[in-house]
There are 2 protein chains.
Amino acid sequence: MIQFLDQNFSQLNHFLTKDTYSRIFILVDENTHENCLPILLGNLETSTEIEILEIEAGEEMKNIQTAIHLWEILTEMHADRKALIVNLGGGVVTDMGGFVAATYKRGISFINVPTTLLAMCDASIGGKTGIDLMHYKNMVGTFSLPEHIFVYPSFLSTLPSDQLLSGFAEMLKHGLIADKNHWNSLTQISDLDAENIIPHVKRSMEIKQNVVDKDFHEENIRKTLNFGHTIGHSLESLFLEDNTPILHGEAVALGMICETYLSKLENLISEEQSETIIKGIRSKFSTIDISKYSNEAIVAILVNDKKNSNSNINFSLLHCIGAAVFNHQCQTENIVKSLNYYRNLCNN
Amino acid sequence: MIQFLDQNFSQLNHFLTKDTYSRIFILVDENTHENCLPILLGNLETSTEIEILEIEAGEEMKNIQTAIHLWEILTEMHADRKALIVNLGGGVVTDMGGFVAATYKRGISFINVPTTLLAMCDASIGGKTGIDLMHYKNMVGTFSLPEHIFVYPSFLSTLPSDQLLSGFAEMLKHGLIADKNHWNSLTQISDLDAENIIPHVKRSMEIKQNVVDKDFHEENIRKTLNFGHTIGHSLESLFLEDNTPILHGEAVALGMICETYLSKLENLISEEQSETIIKGIRSKFSTIDISKYSNEAIVAILVNDKKNSNSNINFSLLHCIGAAVFNHQCQTENIVKSLNYYRNLCNN
């Protein structure tokens, strides 16, 4: 299901010969329109008609108005049930394009061609599609698998360094929840550039795919992928609401530090491992000033997190580097302590 | 999966004890709020908190704005993934509530308690959820099964006679595509009132459920359920666009007459059977004046029907009473002839 593309995109061209799609709609944002679409179109060999759909870049565009706009364009262009949507972009494009495909005429086929490190290692895999609603991330969406995921690592060379860093947070997470060797390899990278990261992308994708294969609907083990995302999402939402968005990876790095410390407070992980992890994350990510948000404001958002049920706050936490637990309910007191721990890091 | 409710709704109460839902959201429209909700609430035995969500009645409310409204209310009320939506109403409520449930937080559970004949025999079964977009019916939606369907036939006693007639069209269709005995029983009913129809509801639901079980995603045999709906939907859309909506069942009856005649033109069915069917439908349904719509306008909508692929117009037609074919492509000439045949019926 995941395939790496050679220079001629021959795997993708082969895929397109296997099914008879009535038309191909390539969804891009301004950035991938400029940087990635010419490469894709230059290599595509198909007699099927191709249309380009463009949306504005940015998480704030991942809303229902953009979805309505795309549904309407598809309707006006008479896209039928045998149309294919190709999501060429980062997580916003794959989440949005997947949701529109999953719901247009009750579902048409789509494939993901992730162009960012974050989309390659995380968003493009696992069939989570969705849009944000009222400042809540991914509040509306579906579980719908792409027909295929095609990865062209050279797209990463066009990526700004902060975008590489953003995806790198998810790679670290994969190491932390499932594979100590992966974590060790990643933390040993000195310069975080595309060339040094690319050799590790495949392993990171495998870890995510393995977890998703075991539990597609996130009823048990898939929840471990939420490590770092409970507190991370809460802060990401608050910054977004203030129109001062932070990168998803920055939020996850922040969340992983808090939730590692929380794992220690809950007696799940040793102090030594906790310190090693936090040191490893901090060697790649600067701390973020969260002083404008009170602990109460952060906890209030946790309560409405998608992953909760029956009003309990569920966390995915760590046993050690390479092993995670899920459905762990924490006392608010310890959540607050972990936030205060992070605040102190910022001050030092 | 389909259960008929006794006077105490004990089957529903038993269902609610089997799973631990965090909250129950009952979706109603003004009509079911007044006529059906008191009966449901009077019989419900549960300690789970209950909330009522109300939407305005009518097909024109089955749009994305209503869906957004419901998603936002659920978000504001902190509905979690273990919440249950109970769709208490006709097809608009079950289609809309199913779509909102299928997409809120990537999917929460829902059950259907259909209150109209149309919803009992058709909309509530088979997992088709959806909303209309730009005057196209069900352009956006999902295939998502309810956890259960609970039928309380006495709700039909509160229904106006035109609403009964509307659902009766789908029952006739079930007979025509799959069960000659069902067709015969239905056409022998002299007075179409609730009392006379109720004994046949179970069989009609079974026919639909059997077809859906064989082909959930409508890749083959499920398409036979679209008999009467290709031309029927086209006219229904045109009347809706003019703000002079006709009942779904009236549209289907109209469509079934045209498509039976089309089956004869395409040499699929004998002239004798065709006449018997058309006579049977006309004995229950008056013809509708479609003179304000040209054949070109009607055919133009057929081209964008969800059921088409690669720009061909696909029909589900009849071999005889009780047997249907699908993916049958017709020449426009014959489609036009069948529309003209119907126009002539109106004039006589």
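This is a predicted model: local features need pLDDT of at least 70, side-chain atom pairs count only at pLDDT 80 or more; totals for chains, interfaces and linings use all residues.
Which residues in α4(A) meet which residues in α5(A)?

Residues are numbered from 1 along each chain as its sequence is written, with chains lettered from A and ligands numbered from 1 in the order in which they are written.

**View 1. Contact of α4(A) with α5(A).** A:T66, A:A67, A:L70 and A:W71 of α4(A) meet A:M96, A:F99 and A:V100 of α5(A). Contact requires C-beta atoms, placed from the backbone, within 7 Å. By class, this contact has six nonpolar, one polar and no charged residues. Ala, Val, Leu, Ile, Met, Phe, Trp, Tyr, Cys and Pro count as nonpolar; Asp, Glu, Lys and Arg as charged; the others, Gly among them, as polar.

**View 2. Crossing of helix α4 (residues 64-76) and helix α5 (residues 91-103) of chain A.** Their axes come within 10 Å and cross at roughly 50 degrees. α4(A) is therefore oblique to α5(A).

**View 3. Domain 1 (2-158) and domain 2 (161-347) of chain A.** Domain bounds come from an automatic or database domain assignment. The domain centres, taken over C-alpha atoms, are separated by 27 Å. Domain 1 of chain A brings 19 residues to the contact, and domain 2 of chain A brings 28 residues.

**View 4. The side of domain 1 of chain A that touches domain 2 of chain A.** α6 (117-123) and β7 (136-143) of chain A each supply at least two residues. α6(A) gives the most, with five residues.

Conventions: Axes are lines fitted to C-alpha atoms, for helices over the stretch in contact, and angles run from 0 to 180 degrees between N-to-C directions. Helices (H or I, at least four residues) and strands (E, at least two) are DSSP runs, numbered from the N terminus. Angles under 35 degrees count as roughly parallel, over 145 as roughly antiparallel, 65 to 115 as roughly perpendicular and the rest as oblique. Two residues are in contact if their C-beta atoms, placed from the backbone, lie within 7 Å.
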